[in-house]
Amino acid sequence: MMQKTYIAFLFLLLAGCVQQPSTASPTEDISVSKQSFKLTKDGFADIFINQAYDLALFDETPDSRNPEVDFCFFAKSKKHPENLLNIFILYNEVAAIYVDDSGIKSYAGVSKGDSEKTVYAKHPNQTPEVYPSEYTKEHIITYWNKNNSDIGTRYDIEEGVVGNIMVGSDEALRLEEGCS
């Protein structure tokens with residue numbers, strides 16, 4: 001009996017010394033190098049335009065649904081730091097990805113805060129679609145991935161500089177108010 005008690009005690013002692021797996025969320029202990037974060041022509045890292053909305057990958061942003069437009073809301077990625085992106089969900093698919101952080105660049109290397117002139121310079125030999133914003137009357141500049149593509153990158157110019165960058169579907173990029 002004494003030997004069984006000793007073995008049980010030894011087992012408990014060793015079990016207490018074994019390193020337990022971390023319970024930290026993926027974004028709590030990640031050191032983020034903003035230079036490594038870049039939009040692609042069709043998304044960001046492992047998030048793609050037209051990808052199905054998945055509760056395992058995304059958290060719906062509280063109060064982002066308009067009851068009159070229930071098929072439209074914003075979400076955050078569970079894998080990436082919360083302050084990097086806003087993900088626009090339309091009809092249960094990723095419709096657009098908005099950059100929340102000036103450290104993230106477009107696929108062409110444009111950042112929030114860059115001049116309108118820089119946008120054109122970073123997209124040589126490409127022809128953008130340019131039209132005035134309904135609200136600011138400043139330019140909205142969209143580069144489509146290829147002719148007749150329904151995915152592109154949009155730059156909203158505010159006071160002469162890039163105020164917003166988003167990659168998204170044709171339908172999402174043409175909206176000026178998201179889910180309104």
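Confidence in this predicted model averages a pLDDT of 80 over the chain, and 77% of the residues score at least 70. The lowest and highest values fall in two helices, as the table shows.

| Element | Residues | Mean pLDDT |
|---|---|---|
| Helix α1, lowest confidence | 2–17 | 36 |
| Helix α2, highest confidence | 116–121 | 98 |

Residues 1–35 have a pLDDT below 50. Beyond near neighbours in sequence, this stretch has 13 contacts in the model.

The largest nonpolar core comprises 29 residues. Those with the most contacts inside this core are L39, V94, I97, I104, V119 and Y155. Two or more residues each are contributed to it by the strands β5 (72–77), β6 (85–90), β7 (93–99), β9 (139–144), β10 (151–158) and β11 (161–169). Another core, of 13 residues, lies apart from the largest one and includes V69, C72, W144 and A172.

The surroundings of I97 can be described in detail. Leaving aside residues up to four places away in sequence, I97 touches L39, G43, F44, I47, I49, L85 and N86, as well as I165, M166 and V167.

The largest pocket holds about 260 Å³ of space. Its lining consists of 20 residues, and R154, D156, N164, M166 and E176 lie nearest the pocket's centre. The elements β7, β9, β10 and β11 each give two or more residues to this lining, with β10 supplying the largest share, four residues.

Conventions. Residues numbered from 1 in each chain as written. Predicted model: local features only at pLDDT ≥ 70, side-chain atom pairs only at ≥ 80, totals over all residues. Heavy atoms only, no water. Core = buried A, V, L, I, M, F, W, Y, C linked by side-chain atoms within 4.5 Å. Buried < 20%, exposed > 50% of the residue type's maximum accessible area, 1.4 Å probe, protein only. Contact = heavy atoms within 4.5 Å. pLDDT = per-residue confidence, 0-100. 1 Å grid on protein atoms, 1.4 Å probe; cavity = no way out; pocket = protein on both sides within 12 Å on 5 of 7 lines; lining within 4 Å. Points joined across faces, edges and corners; volume = space filled by probe spheres on them.
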